[in-house]
Every structure is written in C-alpha cells, then in structure tokens.
Amino acid sequence: MTDTAISTRDLRKSFNKTEVLKGVSFDVKRGEIFALLGSNGAGKTTTIRILSTLVRPDGGTSSVNSFDVATSPDKVRQSISLTGQFTAVDEILTGRENIQMIARLRHLPDPGGIAVRLLERFGLTDVADRAAGTYSGGMKRRLDLAMSLVGTPAVIFLDEPTTGLDPEARLQVWAMVKELAKGGTTVFLTTQQLEEAEALANRIAILHEGRIVADATLSELKKLLPPDRVEYIEKQPTLEDIFLHMTKGRN
C-alpha cells in the first residue's frame with residue numbers, strides 16, 4: 001500500500017452544460033489533514049461527492065485508499081466516512097443509540113462497546129442517554145464525527161464541518177479533527193473559513209473556478225506572494241492574503 005491516501009488526475013465534471021471541475025489534480029498523503037479551499041461554487045463539494053462515490057465524474061481518474069473510485073466503488077465506501085455540512089444525527093435517538101445504529105448497519109460486533117468507546121473519546125459520556133435533539137450544535141457535530149468513525153475508516157471527508165457553529169463549538173471540532181489525524185486517519189476537509197485551514201491543515205489546495213490554482217503547505221504558500229506584496233504586510237502574511245492573491249483576477 002502506498003503512502004498516498006487520495007489521488008486525482010484531470011478530474012472533470014459538468015452540470016447542465018456548466019463545467020464545475022476543469023481538470024483537477026492533487027494527492028493527499030496518509031494521516032494528513034488536507035484542506036480544499038474555495039468560494040461558493042468553486043467545486044469543493046462536487047470534488048468530495050466524486051471521491052466518496054456519490055457522483056460519477058465526466059473525465060479523469062481518482063483513487064481513495066488505493067481503490068479506483070470508478071471501478072471499485074464498494075471498496076472505496078468501505079474505506080471512508082463522509083460528514084456533510086449539516087449533521088446527520090437522528091434527533092429522536094440518544095447519542096448512544098445513534099452510534100449503535102451505525103455499528104449495526106456496518107454489521108460490526110459489539111455495537112454497545114463501540115458506542116461506549118466513541119462517546120468517551122468525544123466527551124459525550126455524560127449526555128449519552130439524552131435524545132440527540134437536545135444537544136447543542138457543537139455536541140451534535142461531535143456526535144456526527146463519532147458516528148463517522150464507527151468501523152475505523154481510513155479516510156474521513158469533512159465538507160465544511162463547522163458551518164453554523166459558534167466559536168466555542170468550532171474550537172471543539174478543531175480539536176477533534178486534530179485528534180483524528182493523530183490517530184492515523186486521513187482527513188480531507190473543505191472549508192471557506194481560511195482561519196480553519198490555517199489552524200488545521202498540513203497541506204492546502206485552493207480551488208478557483210474549477211481549477212487548482214495552488215497546492216502546498218502553508219509556509220510554501222506564503223512564499224508565493226510577490227516580494228512587493230509581502231513588503232506591505234507588517235506581520236507574516238495570512239492565508240487570507242494568499243487566497244486573495246491567488247484568486248484575484250483569475251478566469
């Protein structure tokens with residue numbers, strides 16, 4: 001098995017004659033947090049939906065956990081978990097029951113034991129037997145992440161995971177994401193929040209109008225600013241400075 005967890009080459013996708021992805025290529029290493037940045041409509045969610053086998057591309061190739069997305073979709077699905085922009089918890093069930101339900105759907109032994117371990121890991125033991133509908137936004141997101149880890153997927157896709165969360169809940173989710181990566185999980189993150197990518201990602205790609213316009217570590221991205229641009233920034237350039245520089249005026 002290679003050190004590459006996700007790989008795409010010349011990925012293309014159109015909807016209603018509108019070309020959303022125009023030849024997207026990148027690699028994600030195993031165990032790293034990879035952030036895909038872009039404005040609304042840039043193609044971030046479409047990329048995740050293709051990599052998680054929910055949408056078929058019009059062209060190009062992609063693999064996840066060494067399995068081809070087009071020819072081995074079942075193997076890909078067994079390797080991944082997907083958390084969307086909105087939590088997918090059943091609000092009638094308790095936190096414990098939500099996790100046990102996913103364990104049973106995955107045909108795993110000892111759903112009760114799995115729930116105990118994940119509830120403890122995500123700091124939800126004290127509310128385990130409360131209906132998930134009574135949870136705060138941050139608690140629901142933590143439960144959503146816990147459910148995503150049932151079965152120990154090699155790759156987890158997080159599509160704008162902190163959308164709508166307050167600052168405290170957002171920091172809690174950040175801590176959970178870092179913990180996932182420390183445990184060896186590859187995290188593929190999409191976000192419009194540049195601060196989020198700056199805080200979490202080992203590597204950052206900027207998707208603009210269907211194309212990757214930058215793909216590097218944060219320190220490498222900072223070097224992409226021209227000297228005259230850096231000269232007028234009193235402190236170290238932020239990811240916002242880099243994002244605006246890389247997307248401004250591009251067609």
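Reader: Let us begin with Glu220. How does Glu220 count in terms of relative accessibility?

Author: This is a predicted model. In it, Glu220 counts as partly exposed, at 38% relative accessibility.

Reader: With which residue does Glu220 form a salt bridge?

Author: Its partner is Arg203, and the closest N and O atoms of the two are 4.0 Å apart. Glu220 belongs to helix α8 (residues 218-222) and Arg203 to strand β9, so this pair links distant parts of the chain, 17 residues apart.

Reader: And how accessible is Arg203?

Author: Arg203 counts as partly exposed, with 25% relative accessibility.

Reader: Which side chain meets that of Arg203 at 3.0 Å?

Author: That is Asp215, in a salt bridge with 3.0 Å from N to O. Asp215 sits in strand β10 and Arg203 in strand β9, and 12 residues separate them. At 28% relative accessibility, Asp215 is also classed as partly exposed.

Reader: How do β9 and β10 pair?

Author: Strand β9 (residues 203-208) and β10 run in the antiparallel sense and share 5 bridges. As an example of the pairing, Ile206 has Ala214 in β10 as its bridge partner.

Reader: What is the strand order of the sheet they belong to?

Author: It is an open sheet of 6 strands, ordered β6-β7-β8-β3-β9-β10, and the pairing is mixed.

Reader: Which strands stand at the edges, and why is one side of each without a neighbour?

Author: The edge strands are β6 (80-83) and β10 (211-216). Each has a single partner strand, so one side of each is left without a neighbour in the sheet.

Reader: What does the twist average?

Author: From one strand to the next, the twist averages 15°.

Reader: Which strands does helix α5 touch?

Author: Helix α5 (residues 137-148) packs on the sheet and touches β6 and β7 (155-159). The direction of α5 makes about 160° with that of β6.

Reader: Back to the charges, please. How many salt bridges does the structure hold?

Author: The structure holds 13 salt bridges. Among them is the one between the side chains of Asp58 and Lys13, at 3.6 Å from N to O.

Reader: Where are Asp58 and Lys13 in the chain?

Author: Asp58 is in the loop between α1 (44-51) and β4 (59-64), whereas Lys13 is in strand β1 (residues 4-15). The two are 45 residues apart, and their pairing links distant parts of the chain.

Reader: Is each of these two buried or exposed?

Author: Asp58 is exposed, with a relative accessible area of 51%. Lys13, by contrast, is buried, its relative accessible area being 10%.

Reader: Which residues do salt bridges with shared partners join into one network?

Author: Asp10, Arg12 and Glu19 are joined in that way.

Reader: A change of topic: the backbone. What is the phi of Asp110?

Author: Asp110 has a positive phi of about 55°, although it is not a glycine. Asp110 lies in the loop between α3 (95-105) and α4 (111-121). With a relative accessible area of 46%, Asp110 is partly exposed.

Reader: And what of the phi of Thr152?

Author: The phi of Thr152 is near 50°, which is again a positive value in a residue other than glycine. Thr152 lies in the loop between α5 and β7.

Reader: How does Thr152 count for accessibility?

Author: Thr152 counts as exposed, at 68% relative accessibility.

How values were computed. Residues numbered from 1 in each chain as written. Predicted model: local features only at pLDDT ≥ 70, side-chain atom pairs only at ≥ 80, totals over all residues. Heavy atoms only, no water. Pairing = 2+ DSSP bridges. Helix = DSSP H or I, 4+ residues; strand = E, 2+ residues; numbered from the N terminus. Axes fitted to C-alpha atoms, helices over the stretch in contact; angles between N-to-C directions. Contact = heavy atoms within 4.5 Å. Buried < 20%, exposed > 50% of the residue type's maximum accessible area, 1.4 Å probe, protein only.
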